[in-house]
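Dear colleague,

I am passing on a structure for you to look through, and below it you will find my notes on what turned up. Please keep in mind while reading that this is a predicted model.

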Amino acid sequence: MQMADDYEVLELQFRPDLLEPAAHLLNEQWPRSLEARKHSISDSKTDLPVSLLLITKDKERVIGFVRIFKVANRSNAGLIESLVISPDMRRCGFGRRLMEAAEAHVKRLGYTTMHLSTNDQHIFYKRIGYIESTSVNAVRKCTAIHQTSDDEDDSSCNEAIDEPLPEPSPNVNDSTDTPIATSLPPPPPPPPPPPLLVPKIDDTVTKWYIKHL
Ligand SMILES: CC(C)(COP(=O)(O)OP(=O)(O)OC[C@H]1O[C@@H](n2cnc3c(N)ncnc32)[C@H](O)[C@@H]1OP(=O)(O)O)[C@@H](O)C(=O)NCCC(=O)NCCS
């Protein structure tokens, strides 16, 4: 069992060789294309947005990731997004440790609050000192010439979940190979599809949180 001192937190821009392992860690939790993932986290600088990595000190493995943005219209506030700890390392204190490093990072920059939203990790964030608050917006700066929709994460600490595509509306004017006698009335339109049933799970309500640093 490795001890906490065997790990350290680094800014991604100082270890560009770890971009791909970090992208894989995130994709394990929230699958998307590897290139889009790398693009979405590669813009990292100390004065935000920054991508922080929790790595083993032998620098062989990325076991945690978190990204911090500035908050729009609030010069002293940071916003957490995409916090993840490797599945085999959870419930060992690393999530807390990475969040403390994220908070210390923005505090050094003069920030006084950290914000985030979650739909399923309420207990974790309350355990590490966050209290319910109102929503805020992230400042996102597009540095790419071509921005894909994959770059447009929501501002949640969780990642956006793909919505099911809407059913195409039936087109009663579609021509078919079967000729229809002109004397017959047109066939009635098909019945509308049944409503999509989204299971309601109690702990998946999105809430916003704040911590005063
Ligand atoms: C959420 C996550 C980052 C937490 O990291 P972690 O390393 O497992 O958390 P820690 O071990 O540091 O836990 C800190 C405290 O929260 C508690 N905690 C963590 N997860 C918990 C859970 N699911 N239920 C209840 N308590 C939990 C721990 O018991 C601990 O409490 P303690 O310090 O009082 O003993 C991790 O579970 C993860 O990566 N989840 C998948 C991705 C995700 O959901 N990210 C957050 C998006 S908002």
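Helix 1 (residues 19–29) and helix 2 (residues 34–42) pack at an angle of about 110°, with their axes 9 Å apart, and because angles of 65 to 115 degrees count as roughly perpendicular, the two helices are described as roughly perpendicular to each other. Their crossing is right-handed. On the side of helix 1, the contact is made by Leu19, Glu20, Ala22, Ala23, Leu26 and Asn27, which meet Leu34, Arg37, Lys38, Ile41 and Ser42 in helix 2; the residues of this contact divide into six nonpolar, two polar and three charged.

Turning to the sheet, you will see that it is open and has seven strands in the order 1-2-3-4-5-7-6, with mixed pairing. Strand 1 (7–11) and strand 6 (131–133) are its edge strands, each pairing on one side only. Strand 4 and strand 5 (residues 113–118) pair in the parallel sense over three bridges, and Leu79 stands opposite His115 in strand 5. Helix 1 packs on the sheet, where it touches strand 2 (50–56), strand 3 (62–71) and strand 4, and its direction makes about 85° with that of strand 3.

Finally, there is the ligand, which has 19 residues around it, and of these Arg90, Gly95, Arg96, Thr118 and Cys157 come nearest. Strand 4 (74–85), helix 3 (94–108) and helix 4 (122–127) each supply at least two residues of the shell, whose residues divide into nine nonpolar, six polar and four charged.

How values were computed: Residues are numbered from 1 along each chain as its sequence is written. This is a predicted model: local features need pLDDT of at least 70, side-chain atom pairs count only at pLDDT 80 or more; totals for chains, interfaces and linings use all residues. Axes are lines fitted to C-alpha atoms, for helices over the stretch in contact, and angles run from 0 to 180 degrees between N-to-C directions. Helices (H or I, at least four residues) and strands (E, at least two) are DSSP runs, numbered from the N terminus. Angles under 35 degrees count as roughly parallel, over 145 as roughly antiparallel, 65 to 115 as roughly perpendicular and the rest as oblique. A crossing is left-handed if the near helix is turned anticlockwise from the far one by less than a right angle, and right-handed if clockwise. Two residues are in contact if their C-beta atoms, placed from the backbone, lie within 7 Å. Ala, Val, Leu, Ile, Met, Phe, Trp, Tyr, Cys and Pro count as nonpolar, Asp, Glu, Lys and Arg as charged, and the others, Gly among them, as polar. A residue is near a molecule or strand if its C-beta atom, placed from the backbone, lies within 6 Å of it. Two strands pair if DSSP finds at least two bridges between them.
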